[in-house]
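Open the model in a viewer and keep the selection tool at hand. The stops below say what to select next and what is there.

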Amino acid sequence: MTLGIKAFDTLGMITVVTPPSMINPEKISFTLINIKEKEKNHFASQLNKCFPNDNIVVYIMEGEDNGWLRQAITKSKYVLVDKASVPIWIEEHATAGKIHYVSEEQTVEQTFEKIKEEMQV
């Protein structure tokens with residue numbers, strides 16, 4: 001799986017982590033849970049646009065591995081999850097405002113607008 005990230009246009013670095021690997025993130029990190037390929041491409045574009053100079057860790061989970069996923073959610077600052085396939089226990093392991101649901105009504109671009117607003121506060 002690839003993300004459409006143009007490394008030569010940015011000064012920051014993206015580290016993609018999938019099960020069973022795990023690392024400790026720096027300042028900005030995301031967990032993507034069951035996000036469709038189209039939304040992953042939008043996500044990559046938004047990373048390049050919003051965080052061009054930052055080192056970012058992106059945990060990607062497709063399917064279920066509850067132990068790894070719980071750890072990734074705990075370590076990440078933001079969690080993006082496909083609203084149609086959200087695990088029922090996810091809200092127990094994430095603080096308020098950490099989870100962002102991606103759906104036809106809430107796009108990745110709109111999610112990044114909310115994240116930028118939160119960062120300015």
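Predicted model: local features only at pLDDT ≥ 70, side-chain atom pairs only at ≥ 80, totals over all residues.

Five of them form an open sheet with parallel pairing, in the order β1-β3-β2-β4-β5. Select β1 (14-17) and β5 (99-102): these stand at the edges and have a single partner strand each, so one side of each is left without a neighbour in the sheet. Look along the sheet next. On average, neighbouring strands are turned by 20 degrees against each other, direction ignored.

For orientation, show the whole chain as a cartoon. The protein has three helices and five strands, and from the N terminus on its elements run β-β-α-β-α-β-β-α. Of the 121 residues, 42% are buried. Among contacts between residues at least 6 apart in sequence, 69% join residues at least 24 apart.

## Strand β2

Select residues 28-33, which make up β2. What joins this strand to β4 (residues 78-82)? Four bridges do, and the two strands run parallel. Within this pairing, threonine 31 stands opposite valine 79 of β4. Towards β3 there are six bridges, also in the parallel sense; here phenylalanine 30 has valine 58 as its bridge partner.

Show the side chains of β2. In a regular strand, side chains alternate between the two faces of the sheet. In β2, Ile28, Phe30 and Leu32 point one way, while Ser29, Thr31 and Ile33 point the other way. Are these residues buried or exposed? All are buried. With six of its six residues buried, β2 is largely enclosed by the rest of the structure.

Select proline 20, in the loop between β1 and β2. The peptide bond that leads from proline 19 to proline 20 is cis, with omega near 5 degrees.

Then go to asparagine 34, in the loop between β2 and α1. This residue is not a glycine, yet its phi is positive, about 50 degrees. Asparagine 34 is partly exposed, because its relative accessible area of 22% lies between the limits of 20% and 50%.

## Histidine 100

Which residues are in contact with histidine 100, leaving aside its neighbours within four places in sequence? They are Tyr78, Val79, Leu80, Val81, Thr111, Ile115 and Glu118.

Draw a distance from the C-alpha atom of histidine 100 to that of valine 79: the two are 21 residues apart along the chain and separated by 5.9 Å. Draw another from histidine 100 to glutamine 110, ten residues apart along the chain; here the C-alpha atoms are separated by 9.9 Å.

## Two glutamines

Glutamine 110 belongs to helix α3. With a relative accessible area of 33%, glutamine 110 is partly exposed.

Next, select glutamine 46 in helix α1. This residue counts as buried, at 8% relative accessibility. Not counting residues up to four places away in sequence, glutamine 46 touches Phe51, Val108, Glu109 and Phe112.

## The largest pocket

The largest pocket has a volume of about 220 Å³. Select Lys36, Glu39, Val102, Ser103 and Glu104: of the 13 residues in the lining, these are the closest to the centre of the pocket.

Which elements give two or more residues to the lining? They are α1 and α3 (108-120), and the largest share, three residues, comes from α1. Colour the lining by residue type: three residues are nonpolar, three polar and seven charged.

Conventions:
Residues numbered from 1 in each chain as written. Heavy atoms only, no water. Pairing = 2+ DSSP bridges. Axes fitted to C-alpha atoms, helices over the stretch in contact; angles between N-to-C directions. Contact = heavy atoms within 4.5 Å. 1 Å grid on protein atoms, 1.4 Å probe; cavity = no way out; pocket = protein on both sides within 12 Å on 5 of 7 lines; lining within 4 Å. Points joined across faces, edges and corners; volume = space filled by probe spheres on them. Nonpolar A, V, L, I, M, F, W, Y, C, P; charged D, E, K, R; others polar. Buried < 20%, exposed > 50% of the residue type's maximum accessible area, 1.4 Å probe, protein only.
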